[in-house]
Amino acid sequence: MNLFNVYPLVDITPVRALGATLWDDQGQQYLDFYGGHAVISIGHSHPHYVQRLSEQLQNIGFYSNSVQIPIQRELAEKLGEVSGYPEYALFLCNSGAEANENAMKLASFHTGKTRVLAFKGAFHGRTSGAVAATDNPKIVAPFNAGHAVSFLEYDLAAVEQALQAGDVCAAIIEPIQGVGGIIMPSHDFLRGLAALCQQYGALLIADEVQCGYGRSGKFFAHQWAGIQPDVISVAKGMGNGFPIGGILIAPHLKASYGLLGTTFGGNHLACAAALAVLEVIEQEHLVEHARTLGDYLRTELLAHAGAEEIRGRGLMIGVKYDFPVKDVRDKLLTEHHIFVGNASDPTVLRLLPPLNITKAEVDVFLQALYALTEKAVTVIQEPSALD
Ligand code: PMP
(Lines give C-alpha, C1' and ligand atoms only; values in the text may rest on other atoms or scores of the structure.)
Protein backbone atom coordinates (compact mmCIF):
# COMPACT_ATOMS: atom_id res chain seq x y z
CA MET A 1 0.00 0.00 0.00
CA ASN A 2 1.22 3.51 -0.77
CA LEU A 3 1.48 6.02 2.01
CA PHE A 4 -0.92 8.93 1.53
CA ASN A 5 1.02 12.11 2.03
CA VAL A 6 -0.10 15.59 1.07
CA TYR A 7 3.02 17.36 2.25
CA PRO A 8 6.05 18.19 0.12
CA LEU A 9 8.88 16.49 2.03
CA VAL A 10 12.44 17.69 2.47
CA ASP A 11 14.96 14.90 2.17
CA ILE A 12 15.92 14.85 5.83
CA THR A 13 15.22 12.10 8.36
CA PRO A 14 15.43 13.36 11.94
CA VAL A 15 16.10 10.50 14.34
CA ARG A 16 17.00 12.28 17.58
CA ALA A 17 16.31 15.65 19.17
CA LEU A 18 17.13 17.57 22.32
CA GLY A 19 16.11 21.11 23.23
CA ALA A 20 16.23 23.09 19.98
CA THR A 21 18.56 20.64 18.24
CA LEU A 22 17.70 17.82 15.84
CA TRP A 23 20.02 15.16 14.40
CA ASP A 24 19.35 13.24 11.21
CA ASP A 25 20.18 9.66 10.31
CA GLN A 26 23.54 10.84 8.87
CA GLY A 27 24.53 12.44 12.20
CA GLN A 28 24.01 15.98 10.82
CA GLN A 29 22.85 18.48 13.43
CA TYR A 30 20.03 21.03 12.81
CA LEU A 31 18.73 24.05 14.72
CA ASP A 32 14.96 23.99 15.15
CA PHE A 33 13.51 27.45 14.49
CA TYR A 34 10.16 25.99 13.46
CA GLY A 35 9.27 23.85 16.49
CA GLY A 36 7.68 21.25 14.22
CA HIS A 37 5.06 23.90 13.33
CA ALA A 38 4.73 25.54 16.75
CA VAL A 39 4.26 22.16 18.42
CA ILE A 40 7.53 21.97 20.34
CA SER A 41 6.96 24.34 23.24
CA ILE A 42 9.33 23.15 25.99
CA GLY A 43 12.03 21.78 23.67
CA HIS A 44 12.57 18.28 22.33
CA SER A 45 12.93 15.42 24.83
CA HIS A 46 12.86 17.66 27.88
CA PRO A 47 13.97 15.42 30.79
CA HIS A 48 10.91 16.25 32.93
CA TYR A 49 8.60 15.49 30.00
CA VAL A 50 10.36 12.21 29.24
CA GLN A 51 10.20 11.17 32.89
CA ARG A 52 6.53 12.07 33.36
CA LEU A 53 5.43 10.29 30.19
CA SER A 54 7.55 7.20 30.91
CA GLU A 55 6.22 6.91 34.47
CA GLN A 56 2.66 7.31 33.25
CA LEU A 57 3.11 4.64 30.60
CA GLN A 58 4.48 2.25 33.19
CA ASN A 59 1.37 2.76 35.33
CA ILE A 60 -1.51 3.14 32.90
CA GLY A 61 -1.46 4.58 29.37
CA PHE A 62 -5.11 4.42 28.40
CA TYR A 63 -8.50 3.38 29.60
CA SER A 64 -11.94 4.42 28.42
CA ASN A 65 -13.58 7.71 29.38
CA SER A 66 -16.19 5.71 31.30
CA VAL A 67 -13.92 5.55 34.38
CA GLN A 68 -12.42 8.16 36.70
CA ILE A 69 -9.26 9.71 35.26
CA PRO A 70 -7.92 11.98 38.02
CA ILE A 71 -5.04 13.28 35.88
CA GLN A 72 -7.63 15.04 33.66
CA ARG A 73 -8.79 17.05 36.68
CA GLU A 74 -5.19 17.72 37.65
CA LEU A 75 -4.52 19.05 34.14
CA ALA A 76 -7.64 21.25 34.13
CA GLU A 77 -6.66 22.76 37.48
CA LYS A 78 -3.09 23.41 36.41
CA LEU A 79 -4.13 24.92 33.06
CA GLY A 80 -6.69 27.13 34.80
CA GLU A 81 -4.02 28.34 37.20
CA VAL A 82 -1.22 28.92 34.67
CA SER A 83 -3.45 30.49 31.99
CA GLY A 84 -5.42 32.79 34.30
CA TYR A 85 -8.73 31.03 33.53
CA PRO A 86 -9.43 29.04 36.75
CA GLU A 87 -13.22 29.39 36.39
CA TYR A 88 -13.39 27.97 32.83
CA ALA A 89 -14.02 24.27 32.12
CA LEU A 90 -11.67 22.17 30.01
CA PHE A 91 -12.86 19.75 27.33
CA LEU A 92 -10.08 17.50 26.05
CA CYS A 93 -9.65 16.19 22.52
CA ASN A 94 -6.75 15.33 20.22
CA SER A 95 -5.96 18.14 17.79
CA GLY A 96 -6.45 21.76 16.88
CA ALA A 97 -9.04 21.07 14.22
CA GLU A 98 -11.02 18.92 16.62
CA ALA A 99 -10.87 21.66 19.24
CA ASN A 100 -12.26 24.25 16.79
CA GLU A 101 -14.83 21.79 15.49
CA ASN A 102 -16.14 21.31 19.01
CA ALA A 103 -15.97 25.04 19.76
CA MET A 104 -18.18 25.82 16.75
CA LYS A 105 -20.52 22.93 17.55
CA LEU A 106 -20.88 24.15 21.13
CA ALA A 107 -21.61 27.67 19.86
CA SER A 108 -24.29 26.33 17.58
CA PHE A 109 -25.85 24.25 20.40
CA HIS A 110 -25.76 27.17 22.78
CA THR A 111 -27.26 29.80 20.49
CA GLY A 112 -29.43 27.66 18.24
CA LYS A 113 -27.83 29.50 15.31
CA THR A 114 -25.74 28.23 12.40
CA ARG A 115 -23.52 30.89 10.80
CA VAL A 116 -19.87 31.43 11.73
CA LEU A 117 -17.82 34.57 11.14
CA ALA A 118 -14.17 33.98 10.31
CA PHE A 119 -11.46 36.27 8.97
CA LYS A 120 -9.49 36.65 5.76
CA GLY A 121 -6.37 34.49 5.80
CA ALA A 122 -7.58 32.39 8.74
CA PHE A 123 -6.45 28.81 9.33
CA HIS A 124 -8.50 26.69 11.73
CA GLY A 125 -7.83 23.10 10.66
CA ARG A 126 -8.78 20.38 8.23
CA THR A 127 -11.90 18.72 9.61
CA SER A 128 -15.13 19.56 7.81
CA GLY A 129 -16.26 22.49 9.97
CA ALA A 130 -12.77 23.80 10.68
CA VAL A 131 -11.76 23.72 7.03
CA ALA A 132 -14.92 25.63 6.14
CA ALA A 133 -13.73 28.39 8.50
CA THR A 134 -10.28 28.34 6.88
CA ASP A 135 -9.61 30.96 4.21
CA ASN A 136 -7.11 29.26 1.93
CA PRO A 137 -7.11 29.19 -1.89
CA LYS A 138 -6.18 25.49 -1.83
CA ILE A 139 -9.51 24.61 -0.26
CA VAL A 140 -12.02 23.39 -2.81
CA ALA A 141 -14.80 25.94 -3.17
CA PRO A 142 -17.90 23.71 -3.54
CA PHE A 143 -17.11 21.88 -0.31
CA ASN A 144 -16.44 25.12 1.48
CA ALA A 145 -19.67 26.65 0.23
CA GLY A 146 -21.66 23.95 2.00
CA HIS A 147 -20.87 25.61 5.32
CA ALA A 148 -22.26 28.93 6.42
CA VAL A 149 -19.05 30.86 6.98
CA SER A 150 -18.36 34.47 6.06
CA PHE A 151 -14.74 35.66 5.77
CA LEU A 152 -14.30 39.26 6.90
CA GLU A 153 -11.54 41.86 7.03
CA TYR A 154 -10.49 43.17 10.45
CA ASP A 155 -13.22 45.79 10.16
CA LEU A 156 -15.72 46.32 12.98
CA ALA A 157 -18.35 47.83 10.67
CA ALA A 158 -18.21 44.68 8.51
CA VAL A 159 -18.47 42.51 11.63
CA GLU A 160 -21.50 44.43 12.87
CA GLN A 161 -23.18 44.18 9.49
CA ALA A 162 -22.60 40.41 9.43
CA LEU A 163 -23.97 40.07 12.96
CA GLN A 164 -27.02 42.15 12.06
CA ALA A 165 -27.75 39.81 9.17
CA GLY A 166 -28.58 37.28 11.89
CA ASP A 167 -28.18 33.57 12.62
CA VAL A 168 -24.53 33.97 13.75
CA CYS A 169 -23.52 31.50 16.47
CA ALA A 170 -19.87 32.53 16.73
CA ALA A 171 -16.94 34.53 15.49
CA ILE A 172 -13.69 32.56 15.40
CA ILE A 173 -10.36 34.39 15.30
CA GLU A 174 -6.66 33.68 15.68
CA PRO A 175 -5.43 36.46 18.01
CA ILE A 176 -2.25 36.21 15.94
CA GLN A 177 -2.66 34.52 12.57
CA GLY A 178 -0.05 31.80 12.07
CA VAL A 179 -0.35 30.07 8.68
CA GLY A 180 -1.57 33.36 7.14
CA GLY A 181 1.87 34.86 7.81
CA ILE A 182 1.90 36.20 11.41
CA ILE A 183 -0.85 38.78 10.99
CA MET A 184 -2.01 40.65 14.09
CA PRO A 185 -5.47 42.16 14.46
CA SER A 186 -5.19 45.35 16.52
CA HIS A 187 -6.11 45.36 20.20
CA ASP A 188 -8.92 47.78 19.41
CA PHE A 189 -10.28 45.42 16.80
CA LEU A 190 -10.19 42.46 19.21
CA ARG A 191 -11.90 44.50 21.93
CA GLY A 192 -14.53 45.74 19.50
CA LEU A 193 -15.10 42.21 18.22
CA ALA A 194 -15.59 40.90 21.77
CA ALA A 195 -18.07 43.69 22.53
CA LEU A 196 -20.04 43.16 19.32
CA CYS A 197 -20.25 39.39 19.87
CA GLN A 198 -21.63 39.99 23.34
CA GLN A 199 -24.09 42.59 22.07
CA TYR A 200 -25.48 40.28 19.36
CA GLY A 201 -25.39 37.05 21.39
CA ALA A 202 -22.68 35.30 19.35
CA LEU A 203 -19.82 33.48 21.06
CA LEU A 204 -16.26 34.66 20.59
CA ILE A 205 -13.91 31.73 19.92
CA ALA A 206 -10.19 32.49 20.22
CA ASP A 207 -8.16 29.96 18.25
CA GLU A 208 -4.97 29.83 20.34
CA VAL A 209 -3.81 26.57 18.75
CA GLN A 210 -0.66 28.20 17.34
CA CYS A 211 -0.29 31.50 19.23
CA GLY A 212 -1.18 30.14 22.70
CA TYR A 213 0.78 28.36 25.40
CA GLY A 214 3.21 31.20 26.04
CA ARG A 215 4.37 31.61 22.47
CA SER A 216 3.37 35.30 22.24
CA GLY A 217 4.98 36.22 25.56
CA LYS A 218 1.68 35.95 27.43
CA PHE A 219 0.06 32.59 28.10
CA PHE A 220 -2.63 33.41 25.53
CA ALA A 221 -2.12 35.94 22.74
CA HIS A 222 -5.61 37.45 23.23
CA GLN A 223 -4.52 38.45 26.74
CA TRP A 224 -2.42 41.23 25.16
CA ALA A 225 -5.73 42.88 24.21
CA GLY A 226 -7.30 42.26 27.63
CA ILE A 227 -10.32 40.39 26.22
CA GLN A 228 -12.01 37.23 27.58
CA PRO A 229 -13.28 34.96 24.80
CA ASP A 230 -16.16 32.59 25.53
CA VAL A 231 -14.24 29.63 24.16
CA ILE A 232 -10.47 29.19 23.72
CA SER A 233 -9.06 26.45 21.48
CA VAL A 234 -5.69 24.91 22.30
CA ALA A 235 -3.51 22.13 20.84
CA LYS A 236 0.01 22.11 19.31
CA GLY A 237 2.31 23.36 22.12
CA MET A 238 -0.06 21.89 24.70
CA GLY A 239 1.46 18.43 24.29
CA ASN A 240 4.95 19.27 22.98
CA GLY A 241 4.50 16.57 20.34
CA PHE A 242 2.02 14.28 22.08
CA PRO A 243 -1.35 14.71 20.30
CA ILE A 244 -3.71 16.61 22.57
CA GLY A 245 -6.09 19.52 22.10
CA GLY A 246 -8.86 21.11 24.04
CA ILE A 247 -11.28 23.94 24.52
CA LEU A 248 -11.54 26.18 27.56
CA ILE A 249 -15.21 26.97 28.08
CA ALA A 250 -16.58 30.00 29.93
CA PRO A 251 -18.79 29.19 32.96
CA HIS A 252 -21.91 30.74 31.39
CA LEU A 253 -21.86 28.00 28.73
CA LYS A 254 -22.32 25.07 31.11
CA ALA A 255 -25.74 24.14 29.79
CA SER A 256 -24.47 23.62 26.28
CA TYR A 257 -21.95 20.82 26.56
CA GLY A 258 -24.08 18.47 24.44
CA LEU A 259 -22.28 16.00 22.21
CA LEU A 260 -18.74 16.90 23.18
CA GLY A 261 -16.76 13.68 23.40
CA THR A 262 -14.10 11.52 21.82
CA THR A 263 -12.55 8.13 22.60
CA PHE A 264 -8.94 9.21 23.02
CA GLY A 265 -9.56 12.70 24.38
CA GLY A 266 -7.96 13.20 27.80
CA ASN A 267 -6.23 9.83 27.89
CA HIS A 268 -3.70 9.31 30.67
CA LEU A 269 -0.63 9.67 28.48
CA ALA A 270 -1.82 12.84 26.75
CA CYS A 271 -2.67 14.39 30.12
CA ALA A 272 0.74 13.45 31.54
CA ALA A 273 2.41 15.10 28.54
CA ALA A 274 0.27 18.22 28.89
CA LEU A 275 0.92 18.45 32.64
CA ALA A 276 4.67 18.11 32.11
CA VAL A 277 4.49 20.96 29.57
CA LEU A 278 2.70 23.27 32.03
CA GLU A 279 5.09 22.35 34.85
CA VAL A 280 8.12 23.17 32.71
CA ILE A 281 6.54 26.40 31.39
CA GLU A 282 5.99 27.44 34.99
CA GLN A 283 9.25 26.23 36.54
CA GLU A 284 11.44 27.62 33.76
CA HIS A 285 9.46 30.88 33.35
CA LEU A 286 9.08 30.19 29.65
CA VAL A 287 6.33 32.75 29.04
CA GLU A 288 8.61 35.53 30.28
CA HIS A 289 11.55 34.00 28.42
CA ALA A 290 9.56 33.97 25.16
CA ARG A 291 8.69 37.62 25.71
CA THR A 292 12.20 38.90 26.43
CA LEU A 293 14.04 36.73 23.92
CA GLY A 294 11.34 37.49 21.34
CA ASP A 295 11.83 41.23 21.93
CA TYR A 296 15.57 40.78 21.39
CA LEU A 297 15.04 38.73 18.23
CA ARG A 298 12.58 41.20 16.72
CA THR A 299 14.79 44.18 17.55
CA GLU A 300 17.78 42.51 15.90
CA LEU A 301 15.75 41.54 12.85
CA LEU A 302 14.40 45.07 12.50
CA ALA A 303 17.92 46.50 12.58
CA HIS A 304 19.75 43.99 10.39
CA ALA A 305 17.54 41.60 8.42
CA GLY A 306 16.82 43.99 5.55
CA ALA A 307 13.17 42.95 5.73
CA GLU A 308 10.11 44.94 4.75
CA GLU A 309 8.33 44.14 7.98
CA ILE A 310 8.91 42.23 11.22
CA ARG A 311 5.65 41.03 12.72
CA GLY A 312 4.53 39.12 15.76
CA ARG A 313 5.06 38.87 19.49
CA GLY A 314 7.26 36.72 21.67
CA LEU A 315 8.63 33.74 19.77
CA MET A 316 6.01 33.88 17.01
CA ILE A 317 7.61 36.06 14.38
CA GLY A 318 7.01 36.75 10.70
CA VAL A 319 9.85 38.22 8.64
CA LYS A 320 8.42 39.72 5.46
CA TYR A 321 10.72 40.47 2.53
CA ASP A 322 9.98 42.10 -0.81
CA PHE A 323 10.81 38.86 -2.62
CA PRO A 324 9.72 35.21 -2.27
CA VAL A 325 11.68 33.60 0.55
CA LYS A 326 11.73 30.01 -0.70
CA ASP A 327 15.39 30.27 -1.67
CA VAL A 328 16.36 31.75 1.72
CA ARG A 329 14.39 29.07 3.50
CA ASP A 330 15.91 26.27 1.43
CA LYS A 331 19.44 27.60 2.02
CA LEU A 332 18.88 28.04 5.74
CA LEU A 333 18.17 24.33 5.76
CA THR A 334 20.75 22.99 3.31
CA GLU A 335 23.67 25.36 3.97
CA HIS A 336 23.12 26.39 7.59
CA HIS A 337 21.08 23.41 8.84
CA ILE A 338 18.32 25.53 10.34
CA PHE A 339 14.61 24.71 10.07
CA VAL A 340 12.25 27.70 9.69
CA GLY A 341 8.62 27.84 8.63
CA ASN A 342 6.86 29.28 5.62
CA ALA A 343 3.42 30.89 5.35
CA SER A 344 0.65 31.13 2.77
CA ASP A 345 2.26 34.48 1.84
CA PRO A 346 5.41 33.33 -0.06
CA THR A 347 7.36 36.42 1.04
CA VAL A 348 7.18 35.57 4.76
CA LEU A 349 9.51 33.45 6.89
CA ARG A 350 7.72 32.11 9.95
CA LEU A 351 9.78 31.68 13.12
CA LEU A 352 8.38 29.41 15.84
CA PRO A 353 11.32 28.06 17.84
CA PRO A 354 10.88 26.09 21.08
CA LEU A 355 10.09 28.51 23.91
CA ASN A 356 13.25 27.57 25.79
CA ILE A 357 15.60 28.33 22.91
CA THR A 358 18.72 30.15 24.14
CA LYS A 359 20.10 33.55 23.13
CA ALA A 360 23.17 31.81 21.71
CA GLU A 361 20.94 29.71 19.45
CA VAL A 362 19.00 32.80 18.39
CA ASP A 363 22.31 34.43 17.44
CA VAL A 364 23.29 31.42 15.32
CA PHE A 365 20.04 31.84 13.41
CA LEU A 366 20.49 35.59 13.01
CA GLN A 367 24.01 35.27 11.59
CA ALA A 368 22.84 32.64 9.10
CA LEU A 369 19.88 34.76 8.01
CA TYR A 370 21.99 37.88 7.57
CA ALA A 371 24.53 36.00 5.46
CA LEU A 372 21.77 34.71 3.18
CA THR A 373 19.60 37.79 2.89
CA GLU A 374 22.53 40.03 2.04
CA LYS A 375 23.17 37.69 -0.88
CA ALA A 376 19.48 37.53 -1.74
CA VAL A 377 19.18 41.31 -1.78
CA THR A 378 22.28 41.61 -3.99
CA VAL A 379 20.91 39.11 -6.48
CA ILE A 380 17.49 40.78 -6.59
CA GLN A 381 19.08 44.17 -7.25
CA GLU A 382 21.06 42.96 -10.26
CA PRO A 383 19.30 43.89 -13.54
CA SER A 384 18.06 40.78 -15.28
CA ALA A 385 19.05 39.92 -18.86
CA LEU A 386 15.60 41.04 -20.02
CA ASP A 387 15.83 44.59 -18.66
N1 PMP B 1 -5.71 26.41 14.30
C2 PMP B 1 -4.56 27.01 14.01
C3 PMP B 1 -4.39 28.46 14.34
C4 PMP B 1 -3.50 26.28 13.42
O5 PMP B 1 -2.36 26.90 13.12
C6 PMP B 1 -3.70 24.91 13.15
C7 PMP B 1 -2.59 24.06 12.54
N8 PMP B 1 -1.72 24.71 11.71
C9 PMP B 1 -4.92 24.33 13.48
C10 PMP B 1 -5.91 25.10 14.06
C11 PMP B 1 -5.18 22.87 13.22
O12 PMP B 1 -4.52 22.09 14.15
P13 PMP B 1 -4.33 20.53 13.89
O14 PMP B 1 -3.42 20.38 12.73
O15 PMP B 1 -3.78 20.02 15.19
O16 PMP B 1 -5.69 19.98 13.61
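My entries start with the ground rules and go on to the ligand, a helix pair and some strands.

**Ground rules.** I am working with a predicted model, where local features need pLDDT of at least 70, side-chain atom pairs count only at pLDDT 80 or more, and totals for chains, interfaces and linings use all residues. I number residues from 1 along each chain as its sequence is written.

**Ligand.** I looked up the 14 residues around the ligand and noted that Ser95, Gly96, Ala97, Gly125 and Val209 come nearest; a residue is near if its C-beta atom, placed from the backbone, lies within 6 Å. Helix α4 (residues 96-111) gives the largest share of the shell, three residues. Helices here are DSSP runs of H or I, at least four residues, and strands are runs of E, at least two, numbered from the N terminus.

**Helix pair.** I found α2 (residues 47-59) packed with α9 (residues 268-283) at about 155 degrees, with axes 9 Å apart. Axes are lines fitted to C-alpha atoms over the stretch in contact, and angles run from 0 to 180 degrees between N-to-C directions. The two helices are therefore roughly antiparallel, a label for angles over 145 degrees.

**Strands.** I saw an open sheet of four strands in the order β1-β2-β3-β13, with mixed pairing; two strands pair if DSSP finds at least two bridges between them. β1 (14-18) and β13 (338-339) stand at the edges with a single partner strand each, so one side of each is left without a neighbour in the sheet. Three bridges join β2 (residues 21-24) to β3 (residues 29-32), running antiparallel, and Trp23 has Gln29 in β3 as its bridge partner.

Technical notes. Angles under 35 degrees count as roughly parallel, over 145 as roughly antiparallel, 65 to 115 as roughly perpendicular and the rest as oblique.
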